[in-house]
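The sequence and the model are shown first.

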Amino acid sequence: MSEHNYKFEVAMSCGGCSGAVERVLKKLDGVKSYNVSLETQTAEIVTEDSLSYDTVLEKIKKTGKTVKSGTADGETRDV
């Protein structure tokens, strides 16, 4: 597989919160696309094969947001 699909459930209370998550994803090497939704409290990210789940998770956590759950290519992973 040449890419990964990661999905995180992130506690975001406002547009600033989702914007913060979008900013770190935009700067992260290996991110092909992302969709951060305040409405559904999710961040869906498509990455190159080289970008690990843990790296993406750490970047999202650095925004100070609570990550409630995460999946990598459809499999539930630890957060």
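## His-4

His-4 is buried in this predicted model: its relative accessible area is 16%, and the cut-off for buried is under 20%. The residue belongs to strand S1, which covers residues 3-11.

The side chain of His-4 has a polar contact, at 2.8 Å, with the side chain of Asp-73. Beyond its neighbours within four places in sequence, His-4 is in contact with Ile-45, Val-46, Thr-47, Glu-48, Asp-49, Leu-51 and, again, Asp-73.

## The sheet

The sheet is open and is built from five strands, in the order S2-S3-S1-S4-S5, with antiparallel pairing. The edge positions are taken by S2 and by strand S5 (75-77). Each of these two has a single partner strand, so one of its sides has no neighbour in the sheet. From one strand to the next the twist averages 20°.

S1 and S3 run antiparallel and are joined by seven bridges. In general, the strands of a sheet pair through backbone hydrogen bonds, in either a parallel or an antiparallel manner.

## Helices against the strands

Which strands does H1 lie across? They are S2 and S3, and the helix runs at about 175° to S2. H2 lies across S1, S3, S4 and S5, and its angle to S1 is about 30°.

## Nonpolar core

The largest nonpolar core comprises 19 residues. Those with the most contacts inside it are Phe-8, Val-21, Leu-25, Ile-45, Val-56 and Ile-60. Two or more core residues come from each of S1, helix H1 (15-27), strand S2 (31-37), strand S3 (42-48), helix H2 (53-61) and strand S4 (66-72). H2 gives the largest share, four residues.

Phe-8 can be followed in detail. Leaving out residues up to four places away in sequence, Phe-8 touches Gln-41, Thr-42, Ala-43, Ile-45, Tyr-53, Val-56, Leu-57, Ile-60, Val-67, Ser-69 and Gly-70. Ile-45 is also among the residues in contact with His-4.

## Annotated region

An unreviewed UniProt entry places the feature "domain: HMA" at residues 3-68. In the model, the chain over residues 3-68 is 33% helix and 39% strand. The end C-alpha atoms of this stretch are 23 Å apart.

Conventions. Residues are numbered from 1 along each chain as its sequence is written. This is a predicted model: local features need pLDDT of at least 70, side-chain atom pairs count only at pLDDT 80 or more; totals for chains, interfaces and linings use all residues. Side-chain values use heavy atoms; hydrogens and water are left out. Buried means under 20% relative accessible area, exposed over 50%, partly exposed in between (1.4 Å probe, protein chains only). A polar contact is a pair of N or O atoms within 3.5 Å; within protein, one must be able to donate a hydrogen and the other to accept it, and residues adjacent in sequence count only if both atoms are side-chain atoms. Contact means heavy atoms within 4.5 Å. A nonpolar core is a set of buried Ala, Val, Leu, Ile, Met, Phe, Trp, Tyr and Cys residues joined through side-chain atoms within 4.5 Å. UniProt positions are given in the numbering used here, feature names are shortened, and annotations may be inferred rather than shown by experiment. Two strands pair if DSSP finds at least two bridges between them. Axes are lines fitted to C-alpha atoms, for helices over the stretch in contact, and angles run from 0 to 180 degrees between N-to-C directions.
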